[in-house]
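Please keep the sequence and the structure in view while reading.

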Amino acid sequence: MTEEELKRILQKAQNGDSEAFGLIYEHFSEKIYRFIYFRVSHKEVAEDILSDTFVKAWQKINQINTPQALSGWLYQIAKNNIIDYYRIKKDLVPLADVEETLEDQVSPVDIINLNLQQKKILEVLSQLPEDQREVIKYRFFEDLTSEEIAYVLGKTEGAIRVLQHRAILKLKELLKEK
Amino acid sequence: MSENPDYEKLIDEISNCLKNDGDISVYKTNRKISPLVTLLSQLDNFPRTAVPHADLLRVKNQVLDRIALPKMEVAPHGWFGITWLPQAVRIGAGALGGILIVVSLTLGTAVAALNSVPGQAIYPLKKIVESAQLKLAPENEKTNLQIKFANNRLDELQQVIQQQQDGQISAQEAQKIVADTVQDLQKSTRAAAKAAGKQPKAQVADKLADLSNKLYIASIHSEGEVKIELEKALQSTKEIEKNDDPIITDPDTKTESATETQQAE
């Protein structure tokens with residue numbers, strides 16, 4: 001879907017056209033589902049949270065001004081729904097604790113099939129500061145764009161690019177030492 | 001602010017090239033950036049965890065079902081002002097046109113009602129439309145429809161709580177609306193559980209569990225009397241889930257709130 005098409009469809013959806021919203025769902029659902037699945041590890045739960053994500057998106061769709069922001073915004077809603085899911089499961093765990101442990105458990109990478117160099121990268125990745133590590137994981141292991149990562153982490157796109165830049169430089173340094 | 005815009009741009013260029021299966025050899029020939037290229041290449045080639053295929057079409061239909069209004073066809077207009085017709089026909093056409101206008105307004109109002117929340121003048125029409133849907137639905141669809149209505153009550157509860165938080169309605173008004181809506185929610189969930197019949201228990205239990213989760217979230221975001229009402233509703237839904245609800249397990253009991261039943265005893 002081109003940006004123009006997405007813009008047109010978004011406007012229609014904002015005017016109450018549920019068919020247009022269905023097209024938005026078709027365009028984004030696969031990657032949002034993957035994002036959710038990595039964090040809940042259960043297909044049916046991920047599907048339910050996906051459903052809730054898009055229903056909430058429909059309710060608040062007029063908050064979005066540009067089609068470029070749509071993707072990141074959907075990720076943000078999905079993340080909030082995942083946090084709510086864990087809060088219910090763990091019975092009133094403080095929000096910060098849930099967010100912290102949630103990202104540590106995400107494993108989009110198939111550890112069993114890594115080559116030697118990739119294993120080294122994974123080792124040194126754990127030595128990066130948390131925010132740099134998260135950006136690398138989102139960017140390279142989950143294929144999120146800088147804008148999408150910005151929404152998920154609640155930072156500006158510029159800040160994400162800086163973090164990515166620093167993370168890659170740091171990774172290079174650490175790998176050289178190894 | 002970018003620290004080193006050229007370097008960042010290079011990272012983006014190489015990453016995009018890798019993502020699009022482009023030729024990175026031109027970058028590799030540059031000895032200065034070759035290690036960067038190798039690193040980005042390795043990052044790009046990390047094997048990914050297999051993700052089970054989601055039933056995206058089912059979820060899509062579920063989403064559209066939860067957000068959509070029923071499509072209503074409006075009778076065609078265009079009978080007015082046809083002066084060349086004989087008078088009797090014109091009078092008949094006028095009467096028919098009048099009926100069509102009334103029907104259009106009613107249907108249009110019904111459609112508008114489906115977006116209304118408790119407390120609005122048009123809300124009772126929403127309940128009438130839902131009753132009509134239920135009456136017309138085949139037996140095997142009634143469970144899903146009741147759960148859909150229960151979800152509607154939940155959405156309304158969330159909107160009412162939001163209205164109270166925005167100061168659009170008083171706490172007292174909110175409490176009254178929430179109490180009535182919770183009663184309706186309980187009726188729908190009980191009716192869904194009763195109508196389940198041949199539908200797999202796990203499927204219905206899953207949907208009820210989903211309702212419980214949403215009620216729990218709504219209760220977290222509320223306070224005071226509203227919170228108490230929501231917690232009552234949550235308790236009742238959990239009982240229905242576990243099949244412990246006294247009203248469902250005793251088929252002779254009339255459909256009323258569990259509290260009223262206990263009070264009567």
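In this predicted model, helix α7 of chain B passes helix α8 of chain B in a left-handed crossing. The two helices, α7(B) with residues 142-165 and α8(B) with residues 171-195, pack at an angle of about 165°, and their axes are 8 Å apart. Because angles over 145 degrees count as roughly antiparallel, α7(B) is described as roughly antiparallel to α8(B).

Residues from both helices meet along this pair: those in α7(B) include B:Ile147, B:Phe149, B:Leu154 and B:Leu157, and those in α8(B) include B:Ile177, B:Val178, B:Leu185 and B:Ala192. Sorted by class, the contact of α7(B) with α8(B) has 14 nonpolar, six polar and four charged residues.

In the model, the chain over residues 140-167 of chain B is 86% helix and 0% strand, and the C-alpha atoms at its ends are 42 Å apart.

The next topic is the meeting of the two chains. Here 34 residues of chain B are in contact with 40 residues of chain A. On the side of chain B that touches chain A, the elements giving two or more residues are α1 (5-19), α3 (34-44), α4 (56-67) and α9 (201-220) of chain B, and it is α4(B) that gives the most, with eight residues. That side of chain B divides into 20 nonpolar, six polar and eight charged residues.

Which helix of chain A packs against α4(B) at an angle of about 140°? It is helix α2 of chain A, residues 18-40, and the axes of α2(A) and α4(B) are 10 Å apart. This angle makes α2(A) oblique to α4(B), and the crossing of the two is right-handed. Among the residues that meet are A:Tyr25, A:Glu26 and A:Tyr33 in α2(A), together with B:Leu56, B:Lys60 and B:Val63 in α4(B). By class, this contact of α2(A) with α4(B) has six nonpolar, three polar and three charged residues.

| Helix pair | Angle | Distance between axes |
|---|---|---|
| α7(B) and α8(B) | about 165° | 8 Å |
| α2(A) and α4(B) | about 140° | 10 Å |

Chain A itself has nine helices and zero strands, so that its pattern, read along the sequence, is α-α-α-α-α-α-α-α-α. Of the 178 residues in chain A, buried residues make up 37%. Among the contacts in chain A with a separation of 6 or more, 60% are between residues 24 or more positions apart.

A:Ile160 lies in helix α9 of chain A, which covers residues 157-177. Is A:Ile160 buried or exposed? It counts as buried, because it has 25 C-beta neighbours inside 10 Å, whereas a residue needs 20 or more to be called buried. Leaving aside residues up to four places away in sequence, A:Ile160 touches A:Val135, A:Ser146, A:Ile149, A:Ala150 and A:Lys155. A:Val135 is 25 residues from A:Ile160 along the chain, and the C-alpha atoms of the two are separated by 7.0 Å.

Definitions and conventions. Residues numbered from 1 in each chain as written. Chains lettered and ligands numbered in written order. Predicted model: local features only at pLDDT ≥ 70, side-chain atom pairs only at ≥ 80, totals over all residues. Axes fitted to C-alpha atoms, helices over the stretch in contact; angles between N-to-C directions. Helix = DSSP H or I, 4+ residues; strand = E, 2+ residues; numbered from the N terminus. Parallel < 35°, antiparallel > 145°, perpendicular 65-115°, else oblique. Left-handed = near helix turned anticlockwise from the far one by under 90°. Contact = placed C-beta atoms within 7 Å. Nonpolar A, V, L, I, M, F, W, Y, C, P; charged D, E, K, R; others polar. Buried ≥ 20, exposed ≤ 12 C-beta atoms within 10 Å, placed from the backbone.
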